[in-house]
Amino acid sequence: MTQPFVENAATFRTVLNLEARSGYANHAVIGGLDKFVARWISQGSPGHGYFLARPQLKTLLLGTPSYDEKDIDERRKWVDLVLRELERAEISHKVKVQAVKAPLHRAKATASGKARPIALATESLDLPASRIKGVGDAVAVRLARLGVVSIRDLLYFFPRRFMDFSRRCTVSTLETGKEQTIFVDVWEARQVMLGRMKSSEAVMGDETGNVRAVWFNQPWVAKQLKVNAKIAVSGKVGEFNYGKVFENPEWEIIDDRELLHTGRLVPVYPLTGGLYPRQVRAMVRNALDEYLRALPEFLPLPVRQRCGLMDLRDAVMQAHYPSDYAAQNKARQRLAFDELFLLQIGVLNKKRDWQEEQPGRVFHIKREDIQEFIGALPFKLTTAQVRVIDDICRDLEREVPMSRLLQGDVGSGKTVVATVALLAAVTNGCQGALMAPTEILAEQHFATLHKLLSAISEESSLESNICVFKGIMGREIRIVLLTGSLAAGDKAGTQGLIKGGSVDIVVGTHALVQREVKFASLGLAVIDEQHRFGVLQRSALKQKGYNPHLLVMTATPIPRTLALTLFGDLDISTIDEMPAGRRMIKTRWLKPEDRQRAYNFIKKQAAEGRQAFIICPLIEESESLDVKAAVAEYKRLSREVFPDLRLGLLHGRLKNADKESVMRDFKAGRLDILVSTSVVEVGIDVPNATVMLIEAADRFGLSQLHQFRGRVGRGESQSYCILLSENPSEYGQERLKAIEELADGFALAEKDLELRGPGEFFGTRQSGLPDLKMARLSDTRLLEMARREAIIIFEKDPKLSAVENELLALEYHRIWHKSIENN
């Protein structure tokens, strides 16, 4: 198929380039591009099946709206994307035709003891996992629950820990309470009743003595153990009146096959209902035996040599079945490096795409107007706010579009900084957009903008979702609020105003990225709490304008090392100073016996006209976690503890409209106490709330606890955060001490990253980044090494088009396309 594929790709490219030269008028081919694509698909042109097997190309070619329905800007973007995906498809095809260039060694005996032919084509790795021996249709469904769909997924389905059965001894030297392995002969095996359970019992021995083993509730084991069979047994030994006994040990027959379940570091994999440890180990081993050699070594040799990294195939094998802990650690280092390295290549590429492929709008910033605005505010900006405003102004004056992350603790004053940037866009004849993840947050931003601009305008008016200000920087400014709950007529009217250019600033939710919303001239996109949006939503807002400037904000403090990893495509500004006069929130960790004291304190605050939050982590009762469920707790508190107060309930299973209604009631003072799950973590601003009580506080991470705490302390009154925990672990106690002692969000973020380690601190799935399975984001040395190597590669070959980077290009596109599809 190689030659037809190349010819077909060339034809496509010629048509698209002709369309670009004709100004995207849909005149490149007779009948238009839509008919050309439809005809090409229906006629089954050579290579088209390969194109449509690529999700991104398939979406572009078969998606809506049609090319004819797109405006000129949308057509230009579509053509650019198809050309880029076409180039990637050609690279992928070329690599697959050449298969794996790395030298292949003679096939070794598999776990079954028989030599099997090795599958060499890399595309075989994308075959369904059901091609592996032992993976039938039912098992494939269970594996899919664990994210294992393809053979490649199975190869990368790594153990969560290991059982150390590598210590081999004789029966006479067995020690109680330790994991150890013996090689023995089976003398007797029978089914027995142990309590009410049908179980198995065996007597076995070697030249030094005999020992018993029992398998509770596993009567089939007795049938599988044949008298005089030689077996390996691994596990812990207990001491009873009648001697030493193995309880539920692992075992397997000794023959010429490699041991999987005993006598070594034995992998322990994640499981789900219907999957069993021995079964999963066997499936993974079968996948390794048959398909590991199809795994291409994509990391260039110079990178591996500079960093002292293991070969990929060896690393994957040692990650599953390590020779020892040292080999397992070296394997983890290699695989973790791969994840961080590919992630860095991706974020560097995102920044290049955003800033270099198309010029940005150069704003002319009148510093005197900004100083006049700042001077008219009823409060003084902090030094940090002034510094960040200066960063943003310099970005807006450059020829490349701004791509900046603004992070600041709760209450540090990010919104006023964003307001300056939005006004800069307006005074340059552009529109600005501010997108928030919830309607409540969007309404709060709208109200804050109204308050800020009313204080400095000559005249202002507010009608429904539109406010107008006169005399700001010598002009009239109109701001609208656009959310999903607007009535259809109001929504259509608002969309018309935005499209017509009679609106300067639009504040809204994800409703801003809907296809019906078109901007006349979007020059700046501000995204608040950006980690709440998928990468596609962020991209969709950017595409509403011609390469607009981008400012993303977060109140979740992010340590520098983590920020470099997750947001390497963004320049970073930090507001690390709180406004003067803001009171520190008093935080106390109380013991269970002090619970009534906490309730009495809330009653006292309510009697003084204040309000309180009570946070519970789960919606339904869970014996395993032993935490209070919000629904049950709400009923108990309403009836038994606060019968004279007005309580509201908020949790993730409420409909959005009901959620918004409860939060509005609380904010308006119609509720005294809001009982909530973690959905209240970000976004509700209630200056009158002075108490935050957190149940089972040890179940939350430090950054999340800090976000909860930030829901209070927004008014003039002293505020309090009370932590309750029934029986915290040592690890939980360390977190509670930290949140009690530290008020600075960045210090807490560093501590949280140190405590939680791999991937837990900041979920990469929501951020649109590839999942991290092996990388520990606390491993600064590895992270910085991966970033350094990525920069070296990227500076020399940013499009990964060099021959030596062909396999790297294929792996990069595969990883990043998968992460986008998952978002």
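Reader: How are residues numbered, and what pLDDT do local features need?
Author: Residues are numbered from 1 along each chain as its sequence is written, and side-chain values use heavy atoms, with hydrogens and water left out. In this predicted model side-chain atom pairs count only at pLDDT 80 or more, totals for chains, interfaces and linings use all residues, and local features need a pLDDT of at least 70.

Reader: How many bridges join strand E2 to E3?
Author: Strands (E, at least two residues) and helices (H or I, at least four) are DSSP runs, numbered from the N terminus. Two strands pair if DSSP finds at least two bridges between them. E2 (residues 179–194) and E3 run antiparallel, and the bridges that join them number nine.

Reader: Which residue in the turn between E2 and E3 has a positive phi?
Author: E2 and E3 form a hairpin with two residues between them. Phi is about 70 degrees in the turn at Gly195.

Reader: Which residue in E4 stands opposite Ser200?
Author: E3 pairs with strand E4 (residues 209–215) in the antiparallel sense over seven bridges, and a hairpin of two residues joins E3 to E4. In E4, the residue opposite Ser200 is Trp215.

Reader: How many of the 10 residues of strand E3 are buried?
Author: Buried means under 20% relative accessible area, exposed over 50%, and partly exposed in between (1.4 Å probe, protein chains only). Strand E3 (residues 197–206) is largely enclosed by the rest of the structure, because its buried residues number seven of the 10.

Reader: Is Asn228 buried or exposed?
Author: Most residues other than glycine have a negative phi. Asn228 is not a glycine, yet has a positive phi of about 75 degrees. Asn228 lies in the loop between helix H8 (220–224) and strand E5 (230–240). With a relative accessibility of 54%, Asn228 counts as exposed.

Reader: Is Leu800 buried or exposed?
Author: Leu800 is also not a glycine, and has a positive phi of about 55 degrees. The loop that holds Leu800 runs between helix H27 (780–796) and helix H28 (806–821). The relative accessible area of Leu800 is 4%, so Leu800 is buried.

Reader: How far apart are the end C-alpha atoms of helix H14?
Author: The expected span of a helix is 1.5 Å times one less than its number of residues. For the 14 residues of H14 (residues 383–396) this should give 20 Å. The model agrees, because the end C-alpha atoms are apart by 20 Å.

Reader: Which helices and strands are included in what covers the buried residues of H14?
Author: The buried residues of H14 include Ala384, Val388 and Ile392. Among the elements that cover the buried residues of H14 are helix H13 (367–376), H15, and strands E9 (403–408), E16 (549–554) and E17 (571–575).

Reader: Which residues does Thr419 touch, not counting residues up to four places away in sequence?
Author: Thr419 is placed in helix H15 and is buried, with a relative accessible area of 2%. Contact means heavy atoms within 4.5 Å. Leaving out residues up to four places away in sequence, Thr419 touches Phe373, Leu449, Leu452 and Leu453.

Reader: Which element gives the largest share of the lining of the largest cavity?
Author: On a 1 Å grid over the protein atoms alone, a cavity is a set of points where a 1.4 Å probe fits but cannot get out, and a pocket is an open set with protein on both sides within 12 Å along at least five of seven lines; lining residues have an atom within 4 Å of a point. The structure holds two cavities of 30 Å³ or more, and the largest has about 70 Å³ of space. H13 and H15 each give two or more residues to the lining of the largest cavity. The largest share, four residues, comes from H15.

Reader: Which helix supplies the largest share of the lining of the second largest pocket?
Author: The second largest pocket holds about 1500 Å³ of space, and 49 residues line it, with Gly411, Thr448, Lys451, Asp685 and Arg714 nearest its centre. Helices H15 (414–427), H16 (439–454) and H22 (656–667) each supply at least two residues of this lining. The largest share, 10 residues, comes from H16.

Technical notes. Points joined across faces, edges and corners; volume = space filled by probe spheres on them.
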